[in-house]
Structure formats: structure tokens, C-alpha cells
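Trainee: I would like to go through the labels on this model. Please set each value against its cut-off.

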Amino acid sequence: MRYKENSGELEARRAQALETAFQMFAQSSIEAVNMADIARASGMGMATLYRYFSVKRRLVIELGTLKWRQYAHDVEQRRQAANGDGMTAIDEFGFYLDCYVDLLDHQPDLLRFNANFDQYIRHEKAPVEELRDYYDSVGYFAAAFDRIYARAQTDHTLRLDVPKKEMFFSSLYALLAISQKYAAGLIYPPDNSFDCRHALVTQRDLLLSWVRA
């Protein structure tokens, strides 16, 4: 009689494949890793992997969605523990800037994966419909900035002469891009004495000073 995996075992193996793929994608370009590589590293057959993910692009998008959803949940828990709703606009803005320093300190693989993800999705020209869940997961941070900017209309701790969208892309979005570069070690010319964390903290402080009313 052929053995059949129960739903719990199937989900565990699926999660294993995703985590294995994440580690591989964080260390190399996503294009350089194929489904056979993931199956072999996960200890499963190709047929099993394709049963979970019909094409590589869907695996990549689901992984990006999962990782950012998990991180957004973690950040929101920390925000609530710090009484985020009671913060001034500038203080909550600083809280989110600190999240990128935290990522460089504790989750550089997520930063490296995200840089590779952006390149891969652009190269693949993934349809918008396939990216809806991913956009929803990363949208947490844009929604947080909307909340901060709205609060600044009342407490005036954040400058309001810069349009909201421009401020978002020039601050939180820009610091994410810089932190990804540092996590990947993309410093030219190469300099082993360069302190990425110190540089990122300095850039955080500059941005905080720039947005302060």
C-alpha cells in the first residue's frame, strides 16, 4: 500500500522548501538558482517540488510575500509594545528608520534576498495579478508612513512642506535601498575598514534631522 503524507507533513515539507530557497536566494542571484538546485538542497524530488510550486516565479513571489509578512507582523508587535499609537509623528518615523538598522543587524539575509527579488521580478516581468499578495505584505510600511504623515498634520513634529510621496521615497524607501547595498557588501572600492552599520546609523540620523519640523 502506497504511503500518503498527511496535510501536516505536506505543509512541513513545503515550508522546508521555501526556507531552503530563501537561504539560497539570499546568497546568490535568484536567476542562478534553479528548481533542481532547490529540490536537491531540500532533499526532495523534482516532482514533489513542482507539486508545491508549478513554476519558479510563483515560489519566489510566495517567499517574498511570506518573509515580509512575517517581518511586518514582528515590527507591528514591537510598535504596539512601544505604545506606537501614543508616539509623536517624528518619534514613530524614527522607530521605522530604526527597523532598517535592525534588519542590517539581525536579518541581513532578508535584505540580500529583497535586493535579488527586485532584480528577478523586474527581469521576469511578473504580471501585477501575481504580485498582489506581495504588494499587500510590503504595503504595511507605506501604510505606516501614511499614518505618520497624517499625525503630523496635528502635532506638527514632521515637516509638511515636502509632499508625502516624495518624503516616503526619499527617506524610508531610500534607507531600505542603502541597507540592502550594505548587507550585500557592495562597497566600492572594497574597504574592509568601512563600518556599514555606523554609516547606516549616520544616514538614519541625517534623515531624521531632514524630516523634523
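**Labels and their cut-offs**

Mentor: Start with a helix pair. Ile61, Gly64, Thr65, Trp68, Arg69, Tyr71, Ala72, Val75, Glu76 and Arg79 of H4 meet Asp133, Tyr134, Asp136, Ser137, Val138, Tyr140, Phe141 and Arg147 of H7. Contact here means heavy atoms within 4.5 Å. By class, this contact has nine nonpolar, three polar and six charged residues. Ala, Val, Leu, Ile, Met, Phe, Trp, Tyr, Cys and Pro count as nonpolar, Asp, Glu, Lys and Arg as charged, and the others, Gly among them, as polar.

Mentor: A word on the source. The model is predicted: local features need pLDDT of at least 70, side-chain atom pairs count only at pLDDT 80 or more, and totals for chains, interfaces and linings use all residues. Residues are numbered from 1 along each chain as its sequence is written, and side-chain values use heavy atoms, with hydrogens and water left out.

Trainee: What makes H4 roughly parallel to H7?

Mentor: Helix H4 (residues 56-81) and helix H7 (residues 132-155) pack at an angle of about 30 degrees, with their axes 6 Å apart. Axes are lines fitted to C-alpha atoms, for helices over the stretch in contact, and angles run from 0 to 180 degrees between N-to-C directions. Angles under 35 degrees count as roughly parallel, over 145 as roughly antiparallel, 65 to 115 as roughly perpendicular and the rest as oblique. Therefore H4 is roughly parallel to H7. The crossing of H4 and H7 is left-handed: the near helix is turned anticlockwise from the far one by less than a right angle, where clockwise would be right-handed.

Trainee: How many helices and strands does the protein have?

Mentor: There are 10 helices and zero strands. Both are DSSP runs, numbered from the N terminus: helices are H or I with at least four residues, strands E with at least two.

Trainee: Why is Ala21 called buried?

Mentor: Buried means under 20% relative accessible area, exposed over 50%, partly exposed in between (1.4 Å probe, protein chains only). Ala21 has 0% relative accessibility, so it counts as buried. Ala21 sits in helix H1 (residues 7-27). Beyond neighbours within four places in sequence, Ala21 contacts Ile38, Leu59 and Leu63.

Trainee: And Thr20, buried or exposed?

Mentor: Buried, because its relative accessible area is 16%. Thr20 is also in helix H1. With neighbours within four places in sequence left aside, Thr20 touches Ile38, Ala41 and Ser42. Over the protein, 44% of the 213 residues count as buried.

Trainee: Which label does Lys125 get?

Mentor: Exposed, because its relative accessibility is 70%. Lys125 lies in the loop between helix H6 (108-124) and H7. Its phi is positive, about 55 degrees, although Lys125 is not a glycine.
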